Amino acid sequence: PLHTNYSGYFSHFVFDFAGNLVLRTKSKSMMDLSFLSTETAVAIYNQLVYLWLFVGLCIFCLLFFVSAPYGRQARSGWGPEMNAQLAWIIFELPSPVLIALSYTFSPQPDSIARRLFVTLWLVHYFNRIVVSSYLMKPRGGMTVAVALCGVLFNLCNGAVVGYGLYFASGHQYDDPNYIWQPRVLVGLVLFFAGFVWNIKSDSTLRGLRAKPKDKEEDTVASRTRSKSPARASTAADANAASIKQHYKIPYGGLYEFVSCPNYFSEICEWFGFWLITDNIGSLAFWVWCIVNLVPRAIEHHKWYHQHFSNYPK
């Protein structure tokens with residue numbers, strides 16, 4: 001209903017979630033000081049997820065007009081910058097921490113399914129936080145504003161998924177044969193296929209980055225070209241030369257079919273996770289992956305066409 005008091009629901013949900021995390025342990029049951037019954041809390045949680053999905057729809061539309069200012073879409077006017085690797089770690093970290101805490105302090109009995117969920121989540125984020133940040137070759141910094149938006153996004157999604165899987169899921173995950181359902185097996189195939197494709201796609205992009213010696217030679221060549229009126233008579237020419245110096249068209253693998261297979265594979269990965277969990281929180285997270293990545297992939301495709309005349313249509 002339109003008159004639903006979402007602000008009141010949100011405060012109750014936060015208190016209930018925090019109360020369960022702090023006051024319940026795996027070894028013994030402590031006094032339940034949460035404000036709501038389980039049934040009421042789950043009902044409020046579901047309404048908040050619907051609200052979160054509506055916010056995602058609004059952001060999805062907005063991102064077709066205002067691209068997120070990082071990576072090749074980075075631009076001035078968004079405040080101070082910080083080290084890109086540190087920013088990456090900071091804004092990715094809340095999500096796995098919340099999922100790990102949700103699993104650890106869940107009032108529900110441990111099961112193979114619940115262990116599988118947290119394992120898949122932590123494997124993905126170990127790659128993103130530890131491996132990817134170590135291998136990252138940033139060309140510049142990341143604005144503090146973008147990093148803070150990432151922290152907020154991962155806090156919300158970590159809470160939505162963690163509460164859905166470990167506090168509001170009922171007893172369907174108690175069944176030891178849950179993981180052998182056809183839907184779960186298909187989801188596992190999609191999750192790991194997306195995970196591997198994502199790693200390989202990121203590796204291809206990193207391989208396009210010039211080595212230090214090559215970069216030095218390219219810089220010298222760029223300076224030489226800039227002195228030629230015929231090639232760099234305008235700022236636009238200089239900018240185009242700089243872009244082609246630092247960016248190349250990726251080929252091979254899924255790059256033969258889509259412009260951003262790293263984004264496509266991550267969407268496939270989290271669709272698989274939703275199939276595995278069959279949970280509204282996981283569905284919301286997959287939808288938000290589409291919200292963030294599809295407009296950016298379209299922007300990247302247009303960017304390639306703007307700067308490389310030979311880019312496939």
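Glutamate 92 counts as buried, at 3% relative accessibility; buried means under 20% relative accessible area, exposed over 50%, and partly exposed in between (1.4 Å probe, protein chains only). What you are looking at is a predicted model, where local features need pLDDT of at least 70, side-chain atom pairs count only at pLDDT 80 or more, and totals for chains, interfaces and linings use all residues. Residues are numbered from 1 along each chain as its sequence is written, and side-chain values use heavy atoms, with hydrogens and water left out. Buried residues make up 40% of the 313 residues in the protein chain.

**Overall layout**

- The protein chain has eleven helices and two strands; helices (H or I, at least four residues) and strands (E, at least two) are DSSP runs, numbered from the N terminus.
- Reading from the N terminus, the order of elements is α-α-β-α-α-α-β-α-α-α-α-α-α.

**Salt bridges**

- Side chains of opposite charge can pair when their charged atoms come close.
- Here a salt bridge is a side-chain nitrogen of Lys or Arg within 4 Å of a carboxyl oxygen of Asp or Glu, and the structure holds four of them.
- One of these joins the side chains of glutamate 92 and arginine 128, at 2.6 Å from N to O.
- That pair links distant parts of the chain, with glutamate 92 in helix α3 (residues 84-92) and arginine 128 in helix α5, 36 residues apart.
- Arginine 128 is buried too, with a relative accessible area of 14%.
- Arginine 128 also forms a salt bridge with glutamate 266, and the closest N and O atoms are 3.2 Å apart.
- Glutamate 266 sits in helix α10 (residues 261-277) and arginine 128 in helix α5, so this pair ties together parts that are 138 residues apart in sequence.
- Glutamate 266 is another buried residue, with a relative accessible area of 11%.
- Through shared partners, salt bridges join Glu92, Arg128 and Glu266 into one network.
- Elsewhere, the side chains of arginine 115 and aspartate 110 meet in a salt bridge of 3.2 Å, N to O.
- Arginine 115 is partly exposed at 38% relative accessibility, and aspartate 110 is partly exposed with a relative accessible area of 38%.

- Leu62, Phe64, Phe65, Val66, Trp78 and Ile298 make a nonpolar surface patch of about 590 Å².
- Patches are built from residues with over 30% relative accessible area and no salt bridge, joining like charges within 9 Å and nonpolar side chains (Val, Leu, Ile, Met, Phe, Trp, Tyr) within 5 Å.
- The areas come from the Shrake-Rupley method with a 1.4 Å probe, and for residues only the protein chains shown count as cover.
- Leucine 62, one of the patch residues, belongs to helix α2 (residues 38-62) and is partly exposed, with a relative accessible area of 45%.

**The cavity**

- Rolling a probe the size of a water molecule over the atoms shows where empty space is left.
- On a 1 Å grid over the protein atoms alone, a cavity is a set of points where a 1.4 Å probe fits but cannot get out, and lining residues have an atom within 4 Å of a point.
- Grid points are joined across faces, edges and corners, and a volume is the space filled by probe spheres set on the points.
- By this rule there is one cavity of 30 Å³ or more, and the largest cavity holds about 30 Å³ of space.
- Its lining is made up of Leu63, Phe64, Pro295, Ile298, Glu299 and Lys302.
- Those lining residues split into four nonpolar, no polar and two charged, where Ala, Val, Leu, Ile, Met, Phe, Trp, Tyr, Cys and Pro count as nonpolar, Asp, Glu, Lys and Arg as charged, and the others, Gly among them, as polar.

- Glycine 158 is in helix α6 (residues 144-166) and is buried, at 0% relative accessibility.
- Phenylalanine 105 lies in the loop between α4 (94-104) and α5 (112-135) and is partly exposed, with a relative accessible area of 25%.
- Phenylalanine 105 and tyrosine 166 are 61 residues apart in sequence and 8.5 Å apart in space, C-alpha to C-alpha.
- Aspartate 278, in the loop between α10 and α11 (280-307), has a phi near 50°, a positive value in a residue other than glycine.

How values were computed
On a 1 Å grid over the protein atoms alone, a cavity is a set of points where a 1.4 Å probe fits but cannot get out, and a pocket is an open set with protein on both sides within 12 Å along at least five of seven lines; lining residues have an atom within 4 Å of a point.
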